[in-house]
Amino acid sequence: MTASKEVVISNVHGLHTRPVMKFVDMASQFASEIKVHKGGAEPADADGKSVMQMIILAAEAGTPLRIDAEGEDADQAVEQLVALVESKFGED
Amino acid sequence: MKLSEFIVPEAIIPALESTERDAVLREMVSSLADAGALPREAIDEVVAAIIKREQNGSTGFGKGVAVPHVKHPKVKKMAGTVGRSETGIDFAALDHQPVYSVVLLLSPDNQPQQHLQAMNIIFSSLQKDMFRRFLRQSTTRQAIQELLEEADQGK
């Protein structure tokens, strides 16, 4: 099973360490493989379960992301991770 | 962005005297202040902010490296430094292993994009096995500086 959805980073500070940790914590709870594609001027890909790779994305506010999941819980993973990004990771 | 744009060469510490995390953070921030990258009177506040940041979640991401960082209003210009420990530091790292190489980054509180770019370039280097190994073996300020220059040139 695969699932995919786009979402835009909306918290002011972008994908800095704390949001990355929250994202990776959540992604790691799913059996599915999770890939994050950063769109915009400098596209890049990261393993959604790797802190280092996610920090290297350096995705700032306004950057479009595509979250891809492959595995038995793909739908649920994408849905919850998109909701996390949309919630601004609990920040401003 | 390049490491040389924010790493202050005079503040690099090839052999940290401190062995405890909080003391290491103070030693590195003081070194940046000594190099003129931060007002001396801001040291206490900035160190406290970094410690608080570490308590919220360790920046010891594993593989013997830690990247303590903070955005703080007393920081007027982004500045970073590198510290090496011979003995290893308990950073409450994610992999529970001691930390031997510390990259510390201070950013102003109103330039999130610049901060993300700096974290990008730091982690791009730190995720390379060779870079981590050479950093751990670099026993002088000059050797560390040369390693950073090579990383900037994409070697």
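Colleague: What makes β2 and β4 of chain A a strand pair?

Modeller: The model is predicted. In it, six bridges join β2(A), residues 33–38, to β4(A), residues 64–70. Pairing takes at least two bridges, so the two strands count as paired. They run antiparallel.

Colleague: Which residue of β4(A) is the bridge partner of A:K38?

Modeller: A:L65 is the bridge partner of A:K38.

Colleague: Why is one side of β1 and of β3 in chain A left without a neighbour in the sheet?

Modeller: The sheet is open, with four strands in the order β1-β4-β2-β3 and antiparallel pairing. β1 (2–8) and β3 (44–47) stand at its edges. Each has a single partner strand, so one side of each has no neighbour in the sheet. Neighbouring strands are turned by 20° against each other on average, direction ignored.

Colleague: What lies across β1, β2 and β4 of chain A?

Modeller: Helix α3 of chain A, residues 74–86, lies across these strands. The helix runs at about 10° to β1(A).

Colleague: Now chain B. How do you know that B:V102 is buried?

Modeller: B:V102 has 26 C-beta neighbours inside 10 Å. The cut-off is 20 or more, so B:V102 counts as buried. The residue lies in strand β4 of chain B, residues 99–107.

Colleague: Which residues is B:V102 in contact with, leaving aside neighbours within four places in sequence?

Modeller: B:V24, B:M28, B:A66, B:P68 and B:G83. B:M28 is 74 residues from B:V102 in sequence, yet their C-alpha atoms are 9.1 Å apart.

Colleague: What makes the radius of gyration of chain B agree with a compact globule?

Modeller: For 155 residues, a compact globule would have a radius near 15 Å. Chain B has 14 Å, which agrees. Its C-alpha atoms fill a box of roughly 35 × 30 × 25 Å along the principal axes. Of its residues, 41% count as buried.

Colleague: Which elements does chain B have, and in what order?

Modeller: Chain B has five helices and four strands. From the N terminus they run α-α-β-β-β-β-α-α-α. Among contacts between residues at least 6 apart in sequence, 70% join residues at least 24 apart.

Colleague: How many residues of chain B are in contact with chain A?

Modeller: 13 residues of chain B are in contact with 13 of chain A. The chain B side has five nonpolar, eight polar and no charged residues.

Colleague: Which residues have the most contacts inside the largest nonpolar core?

Modeller: A:M54, B:V46 and B:I122, in a core of 72 residues. Beyond four places in sequence, the contacts of A:M54 include A:L15, A:F23 and A:V36.

Technical notes. Residues are numbered from 1 along each chain as its sequence is written. Chains are lettered from A and ligands numbered from 1 in the order in which they are written. This is a predicted model: local features need pLDDT of at least 70, side-chain atom pairs count only at pLDDT 80 or more; totals for chains, interfaces and linings use all residues. The radius of gyration is taken over C-alpha atoms; the globule rule is 2.2 Å times the number of residues to the power 0.38. A residue is buried if 20 or more other C-beta atoms lie within 10 Å of its own, exposed if 12 or fewer, and partly exposed in between; C-beta atoms are placed from the backbone. Two residues are in contact if their C-beta atoms, placed from the backbone, lie within 7 Å. Ala, Val, Leu, Ile, Met, Phe, Trp, Tyr, Cys and Pro count as nonpolar, Asp, Glu, Lys and Arg as charged, and the others, Gly among them, as polar. A nonpolar core is a set of buried Ala, Val, Leu, Ile, Met, Phe, Trp, Tyr and Cys residues joined through C-beta atoms within 7 Å. Axes are lines fitted to C-alpha atoms, for helices over the stretch in contact, and angles run from 0 to 180 degrees between N-to-C directions.
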